[in-house]
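Student: I would like to learn how to read the features of a model with care. Could we go through one together?

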Amino acid sequence: MAFTPSKDHKRREREQKKMDKRIAREAAKEEQLIAKQAENEAAEIAAIEEARLAGMTQEEIEFEKELAAEAAEVAAKKEMAMA
């Protein structure tokens, strides 16, 4: 028995929808994996920074904070100058 063009077309549409859903699921899984990796890296960096600061004296910690504030200030000025 031969397929009519409309039945064949509908079958192809169904198959395409299934494929689109599968691709979307795989993309969502990949995005979740990337987000999880970024979260883990951020936590690791924070832990390293915390451990580094724990070994420093209070004076050194204050100096590091001042350096970070100055760097943020310079970055803000550069952004304002470019705008």
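Student: Does Arg22 count as buried, partly exposed or exposed, and at what relative accessibility?

Tutor: This is a predicted model, in which local features need pLDDT of at least 70, side-chain atom pairs count only at pLDDT 80 or more, and totals for chains, interfaces and linings use all residues. Residues are numbered from 1 along each chain as its sequence is written, and side-chain values use heavy atoms, with hydrogens and water left out. Buried means under 20% relative accessible area, exposed over 50%, and partly exposed in between (1.4 Å probe, protein chains only). Arg22, at 44% relative accessibility, therefore counts as partly exposed.

Student: Which side chain meets that of Arg22 in a salt bridge?

Tutor: A salt bridge is a side-chain nitrogen of Lys or Arg within 4 Å of a carboxyl oxygen of Asp or Glu. Here the partner of Arg22 is Glu26, at 3.3 Å from N to O, and the two lie four residues apart in helix α1, about one turn of the helix. Glu26 is itself partly exposed, with a relative accessible area of 43%. Elsewhere, salt bridges that share partners join Asp8, Arg11, Arg12 and Glu15 into one network.

Student: How many salt bridges does a search of the whole structure find, and what are the distances for Arg11 with Asp8 and with Glu15?

Tutor: The search finds four. Arg11 meets Asp8 at 2.5 Å, N to O, and Glu15 at 3.1 Å, N to O. Asp8 is three residues from Arg11 in helix α1, whereas Glu15 is four residues from Arg11 in that helix. Asp8 is buried, because its relative accessible area is 18%, while Arg11 counts as partly exposed at 32%.

Student: Which residues gather in a patch of positive charge on the surface?

Tutor: A charge patch is made of residues with over 30% relative accessible area and no salt bridge, like charges being joined within 9 Å. In this chain Lys7, Lys10, Arg14 and Lys18 gather in such a positive patch. Lys18 has its place in helix α1, residues 5–54, and is exposed because its relative accessible area is 61%.

Student: What radius of gyration does the chain have, and what would a compact globule of 83 residues have?

Tutor: The radius of gyration is taken over C-alpha atoms, and the globule rule is 2.2 Å times the number of residues to the power 0.38. The chain has 27 Å, whereas a compact globule of 83 residues would have a value near 12 Å. Along its principal axes, the C-alpha trace spans about 85 × 35 × 5 Å, and 4% of the 83 residues count as buried.

Definitions and conventions: Patches are made of residues with over 30% relative accessible area and no salt bridge: like charges are joined within 9 Å, nonpolar side chains (Val, Leu, Ile, Met, Phe, Trp, Tyr) within 5 Å. Accessible areas come from the Shrake-Rupley method with a 1.4 Å probe; for residues, only the protein chains shown count as cover. Lys and Arg count as positive and Asp and Glu as negative; His and the chain ends are not counted. The place of a charge is taken as NZ of Lys, CZ of Arg, CG of Asp or CD of Glu.
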